[in-house]
Amino acid sequence: MIETKVEAHCTTLTINRPERRNALTTLMYQTLEKGLQKAQADPHCHAVILTGTHDCFTAGNDLSEFQGHRSMVDSPALSFLRTLASVDVPVIAAVEGHAIGIGVTLLQHCDFIYAGATARFSMPFVSLGLCPEGGSSTMLAKAVGPRRAAEWLLLGKPFSATEACDSGFITAVAPAGQALQQAQATADALGRLPAEALRISKKMLREPAHAELMATFDYERLVFTERLKSDEAQAAFQRFFERKPL
């Protein structure tokens, strides 16, 4: 489900569950987090590439896992996000096809994002009776402005790779099917730079807002956990599973 490849100065983590549009499960989040931790611990690693299959980045959380008991401590998804937002090794995302929900919000914690020209993004939290997560309740408006953030988070309006790039949400648009090639080219460029200076510089860019982000994660966790138990969310999940059998 998560394929890990380590070569030269780069670790590539590929989300590969095409039969469920790369929807992420507890085990997959844990594997992704371990991959990031190993890359962080490897002084020779200059970059991590996070990607999906050629036709889908990820459909987000596997909604079937939202129906069980939810602990008030960090979920595997949130634990992964905290690690993603905290590693010093640069992270590069390569997006093709659909990126939905946490498949979009996790991108906020990547340093470089390349999307194929036909990629589509959406954050349908409100339509599912839920609320923003992944730090998006504060980070998104800072990145793209409050008006666009309201369209994407409140209305759940899907947006294209071009819109994502024009807003500053992603780094660049690649020809369809070539996002991974651009990510690899950036990883190669990073691999030629001094590793310690690279990691220190990333940490310096991240650190001023890091404490605020961790506090945002805490707040979102509390609200999101409550929303999962709400009648609105349960009704939305029921409608989802009625039209899309497991």
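Me: Leaving aside its neighbours within four places in sequence, with which residues is Met-28 in contact?

Reply: Contact means heavy atoms within 4.5 Å. By that rule, Met-28 touches Met-1, Ile-2, Ile-15, Arg-17, Asn-22 and Ala-23, its neighbours within four places in sequence being left aside. Please note that this is a predicted model, in which local features need pLDDT of at least 70 and side-chain atom pairs count only at pLDDT 80 or more, while totals for chains, interfaces and linings use all residues. Residues are numbered from 1 along each chain as its sequence is written, and side-chain values use heavy atoms, with hydrogens and water left out.

Me: Where is Met-28 placed, and is Met-28 buried or exposed?

Reply: Helices (H or I, at least four residues) and strands (E, at least two) are DSSP runs, numbered from the N terminus. Met-28 belongs to helix 1. A residue is buried under 20% relative accessible area, exposed over 50% and partly exposed in between (1.4 Å probe, protein chains only). Met-28 counts as buried because its relative accessibility is 1%.

Me: How is the pairing of strand 1 with strand 2 to be read?

Reply: Two strands pair if DSSP finds at least two bridges between them. Here strand 1 (residues 2-7) and strand 2 (residues 10-15) run antiparallel and are joined by 6 bridges. Lys-5 stands opposite Thr-12 of strand 2. The two strands form a hairpin with 2 residues between them, and Ala-8 in the turn has a positive phi of about 50°.

Me: Which residues have the most contacts inside the largest nonpolar core?

Reply: A nonpolar core is a set of buried Ala, Val, Leu, Ile, Met, Phe, Trp, Tyr and Cys residues joined through side-chain atoms within 4.5 Å. The largest one has 60 residues, and those with the most contacts inside it are Val-95, Leu-106, Leu-107, Phe-121, Leu-130, Phe-169 and Phe-237. A second, separate core of 11 residues includes Ile-49, Tyr-114, Ala-183 and Leu-198.

Me: How many salt bridges does the rule give, and why does the pair of Asp-62 and Arg-17 tie together parts that are apart in sequence?

Reply: A salt bridge is a side-chain nitrogen of Lys or Arg within 4 Å of a carboxyl oxygen of Asp or Glu. The count comes to 13 salt bridges. In one of them, the side chains of Asp-62 and Arg-17 meet at 2.9 Å, N to O. Asp-62 lies in the loop between strand 4 (56-58) and helix 2 (76-84), and Arg-17 in the loop between strand 2 and helix 1 (26-41), so the pair ties together parts 45 residues apart in sequence. Both Asp-62 and Arg-17 are buried.

Me: What are the accessibilities of Glu-232 and Arg-227?

Reply: These two side chains also meet in a salt bridge, at 2.5 Å, N to O. Glu-232 is exposed, with a relative accessible area of 53%, whereas Arg-227 is partly exposed at 24%.

Me: Where is the kink in helix 8 centred?

Reply: The bend at a residue is the angle between axes fitted to the seven residues ending there and the seven starting there. In helix 8 the kink is about 50° and is centred on Ala-209. The expected span of a helix is 1.5 Å times one less than its number of residues. Helix 8 has 34 residues, yet its end C-alpha atoms are only 42 Å apart, short of the 50 Å that a straight helix would reach.
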